[in-house]
Amino acid sequence: MSTDLGSATDPDVVLVGGGIMSATLASLLGVVAPEWSITVFESATEVAGESSDAWNNAGTGHAALCELNYTPSGPDGRVDTSKARTINEQFQVSRQFWSHLVRTGLTGSPKDFISPVPHVSFVTGEGGRTYMRARHAALSAEPLFAGLEYTDDPAELAQWVPLVMDGRDPAQAVAATRSVAGTDVNFGALTRLLLEQGGERGVQVHTGQRVTGLEKLDDGRWKVTVTDKRTGEERSVRTRFVFVGAGGGALPLLQRAAIPEIRGFGGFPVSGLFLRTRSPELVSRHQAKVYGQAAVGAPPMSVPHLDLRLVDGEYSLLFGPYAGFSPKFLKAGSMFDLPLSVKPNNLGSMLGVARTEMALTKYLVTELLQNRKARHRTLTEFVPLAEQADWEMITAGQRVQVIKQDPRSGKGVLQFGTELIVGSDGSIAGLLGASPGASTAVSAMLTLVQKAFPDRVAARRSALEEAIPSYGRDLSSDPALLAAVRAETMQTLELNG
């Protein structure tokens, strides 16, 4: 990796942002277009410092095993598993591609970026228990969720999640599901490994270089203007394809590129706060990721969870999220990011969301007014015997939620997810939004490659199928392939314990 912009020449592909999305795309292009030259520009001094950083990313390895907002219940009590099925399948694609990279020389051990951790969903109250039974019954019928366990026995739950059960009212109704197939993923470490491997085949990574301009040229190429943050020197390169994978910084750059596809899109930044403990006693007693239910009327981003994390060889527990607010689109961004992102073509969408998302507004105001004691009370609802002195508050990454125009109503809507933007001629693309982003990065970037480079995908289909054995097939309807894929990825990624 280099901070010297002088070594940058006109590449075939420019990737803006040195996070998990750009790193994944660079690796996929290594499969479908190995002869192409690729340059990555990252504004920070190191790659993976924003949304991909381990402390800025939940690291759940989102597979819909425990996230209850992916399995909503309808008015009739029936649980919709479609979103959970899609997300789990996408995560299986990620695991296959990571396994391929490990087999073909990804440096280090898979344990440097992925480790097995049970995923638990936990609810209280009779309504919660009724929902959890219905959810378990619905998911258990899906091959992707085979082996999902259910219990509403407090004694058994005390073995699954002792910190959550210690001190809890024995009269309170409780219920949970558990999957021992869950994982914890350090996306920062994975990003660095992917870019290091890319460097071995010629991918150029330049840090400390902020992309300040994107201009479409008459010959169809893009002029990418870059400023050296250390010296202030400005220069440009020309490229056939640009991917804007700059996390929260993607929206302003796509607006600067002035592509029609970005019209109507806006963004609303929300910062995350977590309570963290590194107490060996507490960590040793909570070997799981536990997700609860968001409060009635609260947005999906507020789902409480108590996560076991493994970062740089050290275990810790994170509880949250508590929401904060900053107009910055990145932790290292500008206080003017939000106001400068408001344009005539997205003003209607922004104002529409301001009028309709009162629940989000109320949630954010309530969160911002909370003091340390109030935040600790929220923790004790999940961990009844938690001691305030054992926990410290940390600030996680900025998340810019997507605001878009509903094509049917014409009104602005807030979208809790990711949005892939691809220019009509396939010469530029970008990714907006947040969760489950990193966990489904391979599927997202595979979709991009298919849209932008269909000829390359057709020509290299056999190579793609070697890298992702389920490519073009549906795992949920092919139990034999699913079993084979799971067995292979568990062995290669060392997830057997």
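Which residues are buried in helix α12 (residues 372-382)? The points below take up this helix, a sheet and a loop residue.

1. This is a predicted model, in which local features need pLDDT of at least 70, side-chain atom pairs count only at pLDDT 80 or more, and totals for chains, interfaces and linings use all residues. Residues are numbered from 1 along each chain as its sequence is written, and side-chain values use heavy atoms, without hydrogens and water.

2. In α12, the buried residues are Ala374, Arg375, His376, Leu379 and Phe382; buried means under 20% relative accessible area, with a 1.4 Å probe and protein chains only. Helices are DSSP runs of H or I with at least four residues, and strands are runs of E with at least two, numbered from the N terminus.

3. Six strands form an open sheet with mixed pairing, in the order β8-β2-β1-β12-β20-β19; two strands pair if DSSP finds at least two bridges between them. Strands β8 (204-207) and β19 (418-422) are at the edges and have a single partner strand each, so one side of each lacks a neighbour in the sheet.

4. Strands β12 (residues 241-244) and β20 (residues 428-433) pair in the parallel sense over 3 bridges. Within this pair, Val242 is opposite Ile428 of β20.

5. Thr81 is found in the loop between β2 (38-42) and α2 (82-103). Thr81 counts as buried because its relative accessibility is 10%. Beyond neighbours within four places in sequence, Thr81 is in contact (heavy atoms within 4.5 Å) with Ala138, Leu139 and Glu142.

Definitions and conventions. Buried < 20%, exposed > 50% of the residue type's maximum accessible area, 1.4 Å probe, protein only.
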